[in-house]
Amino acid sequence: MRNELLGWYDRNKRDLPWRHTNDSYAIWISEIMLQQTRVAVVIERYSAFLERFPTVNALAEADEQDVLALWSGLGYYRRARMLHRAAQTVVAQEAGMMPATADELRKLPGIGSYTAAAVASIAHGEHVAVVDGNVERVLSRIRGWESHDTVGEAAVRRKVEEFAAGLVAPRRPGDFNQAIMELGATVCTPRNPQCLVCPWAAECRTLGEHKTPKRAPMTSREIACALIVRESDAGTEVLLEQRAATNTVMPGMWELPTLEPTGATALEEVVTVRHAIMQVNYTVRVHLLPPSDLSLIANTGAAQRWIRLPEASTMALTGLARKVLRRAGLLQSSARNKPTAFAPPAIKELV
Ligand code: SF4
């Protein structure tokens with residue numbers, strides 16, 4: 001099974017930027033970014049993050065707001081905070097040397113069994129297996145292990161971990177771990193697994209008949225927020241609010257002010273943005289508000305500040321705020337983003 005998988009991986013692996021390095025710091029960054037974020041999004045942000053923070057020392061010395069700004073668009077900002085804290089721990093306790101073993105890596109903030117095994121095996125060749133959702137799905141399908149409740153899930157998880165630990169290739173543990181995750185991401189996918197091209201089809205007991213547990217359904221919500229822009233001696237400025245440091249979701253990050261639900265209905269909608277956060281699909285209706293009348297802004301108690309546009313692009317904006325400002329043509333779009341949908345002249349008329 002090892003040879004079949006590694007042969008398939010050598011022929012089919014995707015050319016991803018973090019596969020060109022053995023630097024454990026860079027591999028660690030990629031593994032944290034890849035948790036709960038699509039590969040295409042990580043590719044966009046990975047190089048910029050490493051350019052700004054090329055070493056664990058550079059990351060440790062950075063201001064948290066700068067780290068969050070570079071993380072913008074990747075979501076789940078707690079990961080960025082823990083990454084920053086772990087870098088500071090490495091500098092303070094290990095003189096800036098990244099730990100080399102999974103056991104040592106696991107002691108750092110924000111590094112669990114999966115990340116520790118991935119970094120130790122890929123960067124240092126440690127003979128440990130990774131088990132994430134992809135690996136669990138592939139190996140459960142191979143063996144035909146199903147679970148119907150939480151007790152069963154824990155039992156399957158234990159069996160998968162034992163199976164994975166016995167399978168991992170002693171001579172190429174990092175490649176083996178990446179290969180099995182690649183198989184889960186590209187061939188043995190949650191729906192419609194491609195068994196005809198699977199290197200493990202001969203070993204598989206279920207061949208696509210295995211029932212993968214359904215994900216919790218997404219819910220929908222509508223919110224309204226205000227785009228408020230003015231011209232000053234400093235140039236074009238936008239009014240932003242900072243989320244409280246005590247907020248459990250995205251503390252300290254900058255966003256557009258929210259509108260009172262009743263006030264929004266009387267205002268012209270200038271752009272509508274769809275944005276998913278965890279299990280919620282948001283429809284965000286953005287209204288242009290004159291800077292002379294801020295009475296319709298919901299009183300959240302958040303600190304407000306006029307921000308110059310060049311400065312806004314470097315701040316720790318929420319993903320939604322960045323998306324709205326780009327759609328409004330106020331922030332530069334990355335190459336992969338769609339062209340702006342909203343014409344800035346409308347702002348000038350109001351100023
Ligand atoms: S044969 Fe099909 S179900 Fe089995 S591991 Fe391969 S892709 Fe998954």
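Mentor: The model is a predicted one. Helix H6 runs over residues 78–94, which makes 17 residues. From its first C-alpha to its last it reaches 23 Å, close to the 24 Å expected at 1.5 Å a residue.

Start with the buried residues of H6: Ala 80, Leu 83, His 84, Ala 86, Ala 87 and Val 90. They lie on the same side of H6, because the arc they cover around the axis is only 165 degrees. The general rule behind such a pattern is that an α-helix has 3.6 residues a turn, so residues three or four places apart point the same way. On the other side of H6, Ala 92 and Gln 93 are exposed.

Next comes the cover. The buried residues of H6 are covered by elements that include helix H2 (24–34), helix H4 (56–61) and helix H5 (64–71). After H6 comes Ala 95, with a positive phi near 55 degrees.

Now the wider setting. The protein chain is divided into domain 1 (2–130 + 167–180) and domain 2 (219–350). Their C-alpha centres lie 32 Å apart. Eight residues of domain 1 are in contact with 10 residues of domain 2. On the side of domain 1 that touches domain 2, H5 supplies the largest share, three residues. By class, the residues of that side are three nonpolar, four polar and one charged.

Notes
Residues numbered from 1 in each chain as written. Predicted model: local features only at pLDDT ≥ 70, side-chain atom pairs only at ≥ 80, totals over all residues. Helix = DSSP H or I, 4+ residues; strand = E, 2+ residues; numbered from the N terminus. Expected span 1.5 Å × (residues − 1). Buried ≥ 20, exposed ≤ 12 C-beta atoms within 10 Å, placed from the backbone. Arc of directions from axis to C-beta. Contact = placed C-beta atoms within 7 Å. Domains from an automatic or database assignment. Nonpolar A, V, L, I, M, F, W, Y, C, P; charged D, E, K, R; others polar.
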